[in-house]
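Here are my notes on this one, point by point. Have the model open while you read.

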Amino acid sequence: MCPKVMANSQIKKMSLLEIEELEYVHLERIRYYFLDNFQDIKKGLIYRLEIKNDWYNIFIKTKHNQSSDLDKGAERIFHHVFSQGMKIPNSSPIGADLMYETFDSFIHIDIKTISDSNWEDYKGKIAIQCNQTSYPLFKVGSSPNLPTYYSKTFIKNGCEYNKPTLTYFIYILHKHASEEIFSILLVCMPNGELYEIYEDKILHKGKNKGTPRYAFKEEPRFVLLSNQRGKNVFRVEFLFKNSNYSQEELVGFSEKKYKIPVWVER
């Protein structure tokens, strides 16, 4: 317990375990918003097909058949969903697609969509951008654009802390220009302060120089939180999983290694 916070008091630093605890608290919060709105999200992701004849030929001309036709549309759907619960969006020009301030953190949520034509390139890993993470990217010859902590503070148990950066991805694997969705993952990438725990093993190089990929398959757990609780607590969850596909087919590692949580399976 800290003494009563006084003017000009020293700002405390969160422990690494406290950072993981906060990351998990907000992962649960994001999961709740998704599950509470699952039917509306599912319908929203399909709506584009009702007017497919109006956009498909132009899309193929300007993109290619390996591009996800859900990319922009999914962002709109999830912006609508999260805006109902995340009441303070932030207008910072440096950040993920969706950025919110909460009582105790700044949350970055990026929506990633991958079509089946590009599936193998991204199994168990996510292409990330420097504006989406605070994690050190030395391995790929780059650096993050987000701080591990922001200058704004919050009070907990009488102590003052800077608000940490929390990064999440909604990762949708789907069939090109179709209703079929193979999986929707919720993934939490570690805050950069946790580098000494996860190191470079969770980073893979992308096809182009300086383009990192977060390889969550290398360590899908909250390591410190799992050790503290004596059971596996996961950074990766299936919000939705198509029952016709195995975990290994979708994320690149089998249930024998780690069985990640599944919330909706059909």
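1. Start with the largest cavity: its lining is made up of Ile114, Trp119, Tyr122, Lys123, Tyr171, Ile172, Leu173, Ser183, Leu185 and Leu250. By cavity I mean, on a 1 Å grid over the protein atoms alone, a set of points where a 1.4 Å probe fits but cannot get out, with lining residues having an atom within 4 Å of a point. Bear in mind that this is a predicted model, where local features need pLDDT of at least 70 and side-chain atom pairs count only at pLDDT 80 or more, while totals for chains, interfaces and linings use all residues. Numbering runs from 1 along each chain as its sequence is written, and side-chain values use heavy atoms, with hydrogens and water left out.

2. How much space lies in the largest cavity? About 70 Å³, where a volume is the space filled by probe spheres set on the points, and grid points are joined across faces, edges and corners. Searching the whole structure turns up one cavity of 30 Å³ or more.

3. Strand 5 (159–174) and strand 6 (181–189) each give at least two residues to that cavity's lining, and strand 5 has the largest share, with three residues. Strands here are DSSP runs of E, at least two residues, and helices are runs of H or I, at least four, numbered from the N terminus. By class, the cavity lining has eight nonpolar, one polar and one charged residues; Ala, Val, Leu, Ile, Met, Phe, Trp, Tyr, Cys and Pro count as nonpolar, Asp, Glu, Lys and Arg as charged, and the others, Gly among them, as polar.

4. Now the second largest pocket, a pocket being an open set with protein on both sides within 12 Å along at least five of seven lines. About 320 Å³ of space lies in this pocket. Of its 15 lining residues, Asp69, Leu70, Lys72, Gly73 and Arg76 lie nearest the centre. Helix 4 provides the largest share of the pocket lining, six residues. The lining splits into six nonpolar, three polar and six charged.

5. There is also an open sheet of three strands, order 3-8-7, with antiparallel pairing (two strands pair if DSSP finds at least two bridges between them). Strand 3 (126–127) and strand 7 (203–205) are at the edges with a single partner strand each, so one side of each has no neighbour in the sheet. Strand 7 and strand 8 (residues 212–214) pair over three bridges in the antiparallel sense. Have a look at Lys205, whose bridge partner in strand 8 is Pro212.
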